[in-house]
Amino acid sequence: MIGLRRSLLCASALLFLIGPATKTAAQEVALAPANGAAIDRAVSPYVSSGDFMGVVAVQRDGKDPLILPYGLASVELGVPHSADSVFMIGSVSKQFTAVAILLMEQEGKLKVSDLVSAHLVDFKPDVPMTIEHLLVHTSGVADVYSLERFGESAGQVGSFAEVVRDLGHMDLTHPPGTSYAYSNGGYTILAAIIEHVSGVAYGDFLADRLFAPLGMASTFHDRPGPFVKNRVGGYDPWGRNALTAVPPVSAGYTTGSGSLWSTAADLLVWTEALHSGRLLTESSYAKFIGDHGNGYGYGVSAFRRFRRDVIGHDGRVAGYASDVARYVEDRMTVVVLSNVQSVARDEIRHSVAATLLDEPLETPAKRVFVDQPTEPIDGLLGVYSFGPGFEVSISESAGRLLARANQGGFSELVPTSGGGWFSRMLYTPVRFGKDEAGLVDRLIWGRGDRAPVGRRIR
């Protein structure tokens, strides 16, 4: 359910048909040590289907990394990716926000147990909400993608100050500390706290305290300004295997939660510094990686894969997808950066790690797209409720079936054989269920018997 809540974002308008993306011969020669060919085999199905273009990087024990580029940095210009490609990293940004808060706590400028209102006096002053509630997604602060302002402008219009004010006016999804609900809005408020306590802009604080000291020269907060060398354009899936260019979301909505740009090399530097004790004290690091409930620490997820502890986070924002995972016992980091907004990045990270850890490699589930759905789409249109405050609307535009969560963006559903549908963006199958009268009454999102089910409410 949390995965679905985090899933549906933005889509846009200009269509580019492309064939399967490949690496150039020069890149292959330069980046093909022993593990390179194995990683290529793990990644190639997603490249061939048009669901991944970008960079995959791995590093163990802080030794020389392997950085492999795939496909195109610009579809329009036919420019291939390089190891230096700069991507928007979406929610991978949250760990930087969390570390900034912890640095301030180490310096005695705040405590994570402080009430939010102690630092932002106008933000819900009568609510007993702590900074830690924001960090671990138990604050009840609404998600920025639920804001009316976001829906009205498709995320193109809205300043940071306006978004903070809007979140203050929105009702809480639950009383602080009583439930977990992933909220980008909570990290917006953390960025506002960073600005208030430090007296400098969020991006400047990160640049001065994190990026510059670590030598992360290609990492920065999103903001208007001159063009940046190697920054790549973002695309969303369109139809069976095409892509569409996507305008970026205003930084007013992503500051604190998903506003950073970076390279694979910089993220490897960051991860090594973070997990080797260069940034946080032992007690702060324990807070950072600890499971505070629901497998979430401070800006990172804490989970198990291949019988190993993993600390990491994924990200997805209009036109981009990312994943950074640290396999703790192996001191191994896997970075996946894509300029295609597709949750295929999850399977890619899993497959790359399996290859390097000598675990069984799972092949992507087969899907067979069809030209026409088995039944008219008119009967599928409507609103489906997946729980309090979370609705998915199914609509039609120019013959395309689109899914939209709350006020968020649209994800296209492409018809598959057997009467099903597939979201290339969210990389999951979708089914519609019927009642005894043969009328569609539910939306099943995902695979298996435990897939979330939304009941049709109108």
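Guide: Welcome! A residue counts as buried at under 20% relative accessible area, exposed at over 50% and partly exposed in between (1.4 Å probe, protein chains only). The model is predicted: local features need pLDDT of at least 70, side-chain atom pairs count only at pLDDT 80 or more, and totals for chains, interfaces and linings use all residues. Residues are numbered from 1 along each chain as its sequence is written, and side-chain values use heavy atoms, without hydrogens and water.

Visitor: Are R308 and E359 buried or exposed?

Guide: These two side chains meet in a salt bridge, 3.3 Å from N to O (a side-chain nitrogen of Lys or Arg within 4 Å of a carboxyl oxygen of Asp or Glu). R308 lies in strand 12 (residues 308-317) and E359 in the loop between helix 13 (344-356) and strand 15 (382-385), so the pair ties together parts that are 51 residues apart in sequence. Helices (H or I, at least four residues) and strands (E, at least two) are DSSP runs, numbered from the N terminus. As for the accessibility of R308 and E359, both are buried.

Visitor: Which residues are linked with R308 and E359 in a network of salt bridges?

Guide: The structure holds 24 salt bridges. In the network that contains R308 and E359, the other members are R60, R307 and D330.

Visitor: How far apart are the closest N and O atoms of R345 and D346?

Guide: R345 is buried, with a relative accessible area of 5%, while D346 counts as partly exposed at 22%. They form a salt bridge, and the separation of their closest N and O atoms is 2.4 Å.

Visitor: Which residues have the most contacts inside the largest nonpolar core?

Guide: A nonpolar core is a set of buried Ala, Val, Leu, Ile, Met, Phe, Trp, Tyr and Cys residues joined through side-chain atoms within 4.5 Å. The largest one here has 80 residues, and the most contacts inside it belong to F96, L135 and I189.

Visitor: What is I189 in contact with, leaving aside its neighbours within four places in sequence?

Guide: Contact means heavy atoms within 4.5 Å. With those sequence neighbours set aside, the partners of I189 are V116, L120, F123, L134, V141, V164 and L167.

Visitor: Why is the pair of W261 and Y320 called edge-to-face?

Guide: Rings of Phe, Tyr and Trp (its six-membered ring) pair if their centres lie within 6.5 Å, with planes under 30 degrees apart counted as stacked, over 60 as edge-to-face and the rest as tilted. The whole structure has 14 aromatic pairs. The centres of W261 and Y320 are 5.3 Å apart, and the pair is edge-to-face because the planes stand at 75°.

Visitor: Which residue lies over the face of W261?

Guide: A charge sits over a ring if NZ of Lys or CZ of Arg is within 6 Å of the ring centre and within 35 degrees of the ring normal. At 4.9 Å from the ring centre of W261, the residue over its face is R231.

Visitor: Which residue is the bridge partner of Y235 in strand 9?

Guide: Two strands pair if DSSP finds at least two bridges between them. Strand 8 (residues 235-238) and strand 9 (residues 242-245) run antiparallel and are joined by four bridges. In strand 9, Y235 is partnered by A245.
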